Amino acid sequence: MEEKLSGIVVSSVSYGESDKILGVLTLEKGVVSAICKGVKKAGAKLKFASEPFCFAEFLFSVRQNRRVVTGASLIDSFYPLRESVNKLYAASCVLEFAKRFERENIVSPGLFLDAVDCLKNLAYKTGGEAAYLVRFYLSALKKAGFGLELNGCFKCGEQITGRAFFDYRTGGFYSEGCAESGAREIKFSTYDALKNIASGGVSDDKSAEDALKLIRYFIENRADENLSALNQTITVFSRGSTLKA
Ligand SMILES: [Zn+2]
């Protein structure tokens with residue numbers, strides 16, 4: 001059987017002498033795995049389709065639940081991601097999230113579209129990498145069932161002013177009087193950045209980096225996942241800020 005799926009390569013692992021096994025985040029079927037034959041040989045026609053970040057329309061032949069890549073027409077390679085350390089690290093977080101949270105046959109077109117959107121922003125816009133990544137996580141986490149509740153205090157619904165608290169157990173933010181024990185105080189600027197980014201706005205790099213740290217804290221504690229690309233990205237970003245400062 002032949003199958004045509006739009007997808008982004010999220011992982012690519014050597015297999016045998018000349019093949020690779022790909023993980024492809026698809027619009028239609030979540031993450032699927034497929035073998036790409038002969039791509040390690042010089043001049044292989046499908047080499048481009050076996051590179052991480054390759055966004056293409058893939059043609060697979062499917063036999064007994066195994067997919068083999070038989071063709072691919074490139075939509076976007078997001079080439080400029082390779083030209084900046086910040087862009088590349090941030091983009092690798094998108095792939096990592098897809099691999100970790102998206103399983104085959106759990107179809108979530110939304111996550112695919114979030115990933116494309118984020119990779120485009122990272123590749124083709126200048127600066128703001130941390131904020132684009134925060135926007136991706138906020139949207140993708142919601143689709144994975146781990147939404148952050150940013151519309152006012154999660155307990156009383158009032159606007160949060162002055163001091164802000166976050167409780168990973170609920171994903172909610174609280175004003176001072178409403179936070180229960182176990183909630184932790186966060187910088188108001190972090191809360192503000194999350195709120196701005198969630199509603200399509202922007203934020204300065206430092207606050208967006210703080211927002212990424214809060215997202216990491218949330219994912220580690222609530223979803224029990226340790227995301228190494230996110231850890232590395234936070235380190236790379238903070239090095240950049242120190243240099244700038
Ligand atoms: Zn309250």
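1. Donors are taken here as N, O and S atoms within 2.8 Å of the metal (3.2 Å for Na, K and Ca), and since water is not among the atoms, sites may look incomplete. On that basis the zinc ion is coordinated by the SG atoms of C153, C156 and C178, at 2.2 to 2.3 Å.

2. Two remarks on provenance belong here. This is a predicted model, in which local features need pLDDT of at least 70 and side-chain atom pairs count only at pLDDT 80 or more, while totals for chains, interfaces and linings use all residues. Residues are numbered from 1 along each chain as its sequence is written, and side-chain values use heavy atoms, with hydrogens and water left out.

3. Along the chain, the donors of the zinc ion follow the spacing C-x2-C-x21-C. C156 lies in the loop between α3 (129–143) and β6 (164–167), and C178 in the loop between β7 (172–174) and β8 (184–186), so the pair ties together parts that are 22 residues apart in sequence. Helices (H or I, at least four residues) and strands (E, at least two) are DSSP runs, numbered from the N terminus.

4. C156 is partly exposed at 41%, whereas C178 counts as buried at 14%.

5. G147 is found in the loop between α3 and β6, and with a relative accessible area of 17% this glycine is buried. Leaving aside residues up to four places away in sequence, G147 touches L141, K142, G171 and F218, a contact being heavy atoms within 4.5 Å. G147 and R239, which are 92 residues apart in sequence, lie 29 Å apart in space, C-alpha to C-alpha.

6. For the protein chain as a whole, the secondary structure comes to 6 helices and 8 strands, in the order β-β-β-β-β-α-α-α-β-β-β-α-α-α. The radius of gyration is 20 Å, close to the 18 Å that the globule rule gives for 245 residues, so the chain is as compact as a globular protein of that length; the radius is taken over C-alpha atoms, and the rule is 2.2 Å times the number of residues to the power 0.38.

7. Buried residues make up 50% of the 245 residues in the protein chain. Among its contacts between residues at least 6 apart in sequence, 56% join residues at least 24 apart.

Terms used: Buried means under 20% relative accessible area, exposed over 50%, partly exposed in between (1.4 Å probe, protein chains only).
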